[in-house]
Each structure stands twice: as C-alpha cells, then as structure tokens.
Amino acid sequence: MYIGGIEAGGTKMICAVADEAMMVVDQISIPTTTPTETLTAIFDFFAPYPMKAVGVGSFGPIGIDPQQANYGHILATPKAGWQQIDLVGALSSQWPDTAIIWTTDVNAAAYGELRLGAAQGKNSCVYMTVGTGIGAGVVREGALFQGIGHPEIGHTFVKRHPEDHYQGTCPYHHDCLEGLAAGPSLEGRTGIKGQDLPADHAVWDLQAFYIGQALVNITLTLAPEKIIIGGGVMNQPHLLTKIKDAFVQQMAGYMETPPVDDYIAAWALPNQSGITGCLLLAQEKVGQK
Ligand code: ADP
Ligand code: ZN
C-alpha cells in the first residue's frame, strides 16, 4: 500500500506517491484546466497505486469544517470553473477506502517546512508564499491551525506607504496585502514582470515595506517560533534581506523575537514544501490507525 499527496494549485496539480517510509516512487505535474479533465488525469496517475491515505493541500479558500455542508469544497476562488467544486467528495467517491486529509496549500507547506525544512525541531511556524497571490499557513503546537475557516493572512490589511497610490489587484479588497504586494502588483506598478525587474528598482523597497509589515502583524498576532517565506517573487536574492530590515524597522523594538536572521528564513524545500507536507499528513494519518 502507498500514501499520496496532491498539492492542488490554480495553475498545476502536483501529485506524488510514496511508500509508507515517505520514499517517493512517482510524481507528476498536471495542468489545472477544468475540474473534470484535471480529476481524470489525477485518477489515471494514481490508478496503479492503492493508497491508504492522501494528503491534499488546496488553493482556496476551502471549506474545512467537517460539520459544515461546504466541507471539502473549493469556495470563492477567482479560478474559473472551480467555485464550489466538491474536491474531497470527488476523491472519496473514486477512492472509498482511502483516508483524505484536507487542508490549504500553504498549511501543507507550513507543515512540510516544520517537519523537514526550515522550522525543523520547532512546534510552531508560519509559512508565507509570495507568488501569484499571497497566502500563509500556520502550524501551532505541531498541528495545523484552523478554526471556522483557515487563516487568510494574504487578505489582511496593511498600512499604505505614504507615497504609494497604486489601487491594488485584489478583486475583493483592492489594497489588501495580496493586492499591494503579490507578484502581479509588481507588474501592475512598473509594467515589468517581477522576474525582469532589476535588483536596484525602487519597487523592491515598497515590496519589502509591505511584506515586512505583514510579518510584524503575524508576529504580534501569532508569535510563531519561526517565519518562512517562499514563492516565485522570493527568487529575488536581495529581497529577503530587505524584508528583514523592514521587519526590524517597523517592529521598532516593541516585541522581542529571536535574532532576525534566525527568525525569518527562506523556504528550505523550494517548490517542495507543499507536496512534502501533503505526504507527511497522509503518512501520519496511516500511523494513527
Ligand atoms: P504560484 O503562486 O502561481 O504558485 P509562483 O510562486 O511561481 O506561482 O509565483 C508566480 C509569481 O512570481 C508571478 O507573479 C511571477 O511574475 C513572480 N516571479 C516569478 N519569478 C520571479 C522572480 N525571479 N522575481 C520576481 N518575481 C518572480
Ligand atoms: Zn484581498
């Protein structure tokens, strides 16, 4: 028997199969098109591997309260065709004997980083991705942190920089954190894609101002032992240092944290935190039985 992981993203679905010792035996990346087409490809990939459990880390927002009718559904996503899709329902009817562990993509990534990445040995961490969107997953006391829903830190509000008049890209809030600082805002402000912007462009200071401020808010609210940042925009090697400086400046000495170079770190499992977390969640479920 095997365990599986599905990192369900708006662009692609990363699927992996491992043995119960977490040795990956097969992996694939499937483009996210229509639910029917994508699910068919997922079922084809996993068909040769009977699985005891599958960990799913999904783009969201998602319904995570088992008492609610929307459990297992993808909710108000901007991704066309995927609103209100009952993903867990579809997986369970295909695999009736497989346990499905269901959480957000960033929660899974936070879990992967806590167990095998930059926050190894800690009991708590926050993982933030800065990519097409901004999202953050939270692990507290070794477990995923969720309540009536899951944290949606990417859509929290940040104080505007006095010289910034950009309207923001979020269709819901315009100038929330994601609206002001996710990858598309870089292109929206400058007309140049993030990957093509020179390191000395002034927009990086603004970027660091917002992300640093978000990390202050996370620290003040959740007091995690470690904050980890990943995502496409963090491929800018100079950005992490700027973010740390902005964090220290805006925290203004108020709350004591570990030294900033230990406290704020880049992902240790680049592009693998999410799928690793999905497999770990499945492995643990199997271990509990
Ligand atoms: P997703 O969030 O869709 O999973 P990514 O984490 O790769 O995907 O993020 C994609 C975003 O990151 C895009 O907005 C892209 O322009 C931006 N990006 C990708 N590479 C870089 C880079 N080297 N520097 C800055 N921005 C980048
Ligand atoms: Zn928003």
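Trainee: How do the residues of the shell around ligand 1 divide into nonpolar, polar and charged?

Mentor: Keep in mind that this is a predicted model. The shell has three nonpolar residues, ten polar ones and no charged ones.

Trainee: Which residues come nearest to ligand 1?

Mentor: There are 13 residues around ligand 1, and the nearest are Gly-131, Thr-132, Gln-195, Gly-232 and Gln-236.

Trainee: What lies 2.6 Å from an oxygen atom of ligand 1?

Mentor: An N or O atom in the side chain of Thr-132. Gln-195 also has a polar side-chain atom facing a ligand 1 oxygen atom, at 2.7 Å.

Trainee: And Gly-232, which part of that residue is 2.8 Å from a ligand 1 oxygen atom?

Mentor: For Gly-232 the atom is a polar one of the backbone.

Trainee: How much of the accessible area of ligand 1 does the protein cover?

Mentor: On its own, ligand 1 has 580 Å² of accessible area, and the protein covers 67% of that.

Trainee: Which pocket is the space taken by ligand 1?

Mentor: The second largest pocket.

Trainee: Is Cys-278 buried or exposed?

Mentor: Buried, with a relative accessible area of 0%.

Trainee: What about Cys-170, buried or exposed?

Mentor: Cys-170 is buried too, since its relative accessible area is 2% and the cut-off for buried is under 20%.

Key. Residues are numbered from 1 along each chain as its sequence is written. Chains are lettered from A and ligands numbered from 1 in the order in which they are written. This is a predicted model: local features need pLDDT of at least 70, side-chain atom pairs count only at pLDDT 80 or more; totals for chains, interfaces and linings use all residues. Side-chain values use heavy atoms; hydrogens and water are left out. Buried means under 20% relative accessible area, exposed over 50%, partly exposed in between (1.4 Å probe, protein chains only). A residue is near a molecule or strand if one of its heavy atoms lies within 4 Å of it. A polar contact is a pair of N or O atoms within 3.5 Å; within protein, one must be able to donate a hydrogen and the other to accept it, and residues adjacent in sequence count only if both atoms are side-chain atoms. Accessible areas come from the Shrake-Rupley method with a 1.4 Å probe; for residues, only the protein chains shown count as cover. On a 1 Å grid over the protein atoms alone, a cavity is a set of points where a 1.4 Å probe fits but cannot get out, and a pocket is an open set with protein on both sides within 12 Å along at least five of seven lines; lining residues have an atom within 4 Å of a point. A molecule sits in a cavity or pocket if more than half of its atoms lie within 2 Å of its grid points. Ala, Val, Leu, Ile, Met, Phe, Trp, Tyr, Cys and Pro count as nonpolar, Asp, Glu, Lys and Arg as charged, and the others, Gly among them, as polar.
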